Amino acid sequence: MKGLFITFEGPEGAGKTTIVEALKRYTEANGISCIYTREPGGISISEQIRDIILKEENTLMDGKTEALLFAASRRQHLVEKVIPALKSGKIVVCDRFIDSSLVYQGYARNLTMESVMRVNSFAIGEYMPDITIYLDIDPELGLSRISKNTGREINRLDLETLDFHKKVREGYKLLIKEFPDRIIEIDASKDMEEVFEAVLTALRGSFKEFGLSL
Ligand code: TMP
């Protein structure tokens with residue numbers, strides 16, 4: 001039996017983590033079993049790679065090194081956690097996946113989406129998400145949200161320029177055109193309850209096909 005692979009994407013400050021946490025509480029309260037995980041990270045080796053990539057002091061890191069480390073972290077997480085869960089028919093909800101690499105490293109870092117896709121194809125094989133929720137936010141609003149959120153970790157990529165974050169958003173918009181059947185865009189500038197309702201509506205069809213009512 002095949003599981004269901006759901007990913008969440010978005011620029012900094014879109015509220016991804018809050019929404020994924022709300023979905024976790026909601027599915028638990030409704031007796032729907034899902035595995036919640038994140039990238040880069042989710043398991044020990046990938047969390048260790050995350051620390052190297054995101055450490056503020058690693059300013060010398062080359063863009064291709066960064067892309068390769070994200071792909072390495074992704075591979076290990078996939079093999080250790082995501083693939084076994086999908087193979088046993090589970091629902092996996094992952095905070096970020098390949099689209100982040102295509103957009104941040106491919107588009108915003110100018111490595112090209114094609115070359116980042118090639119590296120990632122080697123890492124993930126056929127394991128693309130079934131459905132991706134893209135939380136859209138203007139980067140200025142997103143960055144002002146994260147500067148107010150004192151509990152949030154600030155990482156090396158957060159410290160990039162506003163232009164970089166504008167390119168991230170542009171990159172996501174290009175991906176939506178490329179994968180219109182997989183990626184659903186949701187306006188994340190609204191308040192969190194409204195965004196969460198829109199996310200539930202977007203996911204209902206996939207859960208229904210999977211035999212569950214969300
Ligand atoms: P997070 O803040 O959502 O935990 O993500 C960590 C940072 O890593 C965020 O700035 C986005 C970035 N990132 C990439 O640049 N490429 C990737 O492939 C992934 C998964 C994350």
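So, a pocket here is an open set of points on a 1 Å grid over the protein atoms alone, where a 1.4 Å probe fits, with protein on both sides within 12 Å along at least five of seven lines. A molecule sits in one if more than half of its atoms lie within 2 Å of its grid points. By that test, our ligand sits in the largest pocket.

Quick housekeeping. This is a predicted model, where local features need pLDDT of at least 70, side-chain atom pairs count only at pLDDT 80 or more, and totals for chains, interfaces and linings use all residues. Numbering runs from 1 along each chain as its sequence is written, and side-chain values use heavy atoms, with hydrogens and water left out.

Okay, the ligand. It has 16 residues around it, with R50, R74, R96, S101 and Q105 the closest; being near means a heavy atom within 4 Å. Now the polar contacts, meaning N or O pairs within 3.5 Å. The side chain of S101 puts an N or O atom 2.5 Å from a ligand oxygen. For R96 that distance is 2.7 Å, and for R74 it's 2.8 Å. On its own the ligand exposes 480 Å², and the protein buries 95% of that, by Shrake-Rupley with a 1.4 Å probe.

What's the shell made of, by class? We get 5 nonpolar, 4 polar and 7 charged residues, with Asp, Glu, Lys and Arg counted as charged and Gly among the polar ones. Helix 4 gives the largest share, 4 residues.

Back to the pocket: about 850 Å³ of space, and 36 lining residues, each with an atom within 4 Å of a point.

How values were computed
A polar contact is a pair of N or O atoms within 3.5 Å; within protein, one must be able to donate a hydrogen and the other to accept it, and residues adjacent in sequence count only if both atoms are side-chain atoms. Helices (H or I, at least four residues) and strands (E, at least two) are DSSP runs, numbered from the N terminus. Grid points are joined across faces, edges and corners, and a volume is the space filled by probe spheres set on the points.
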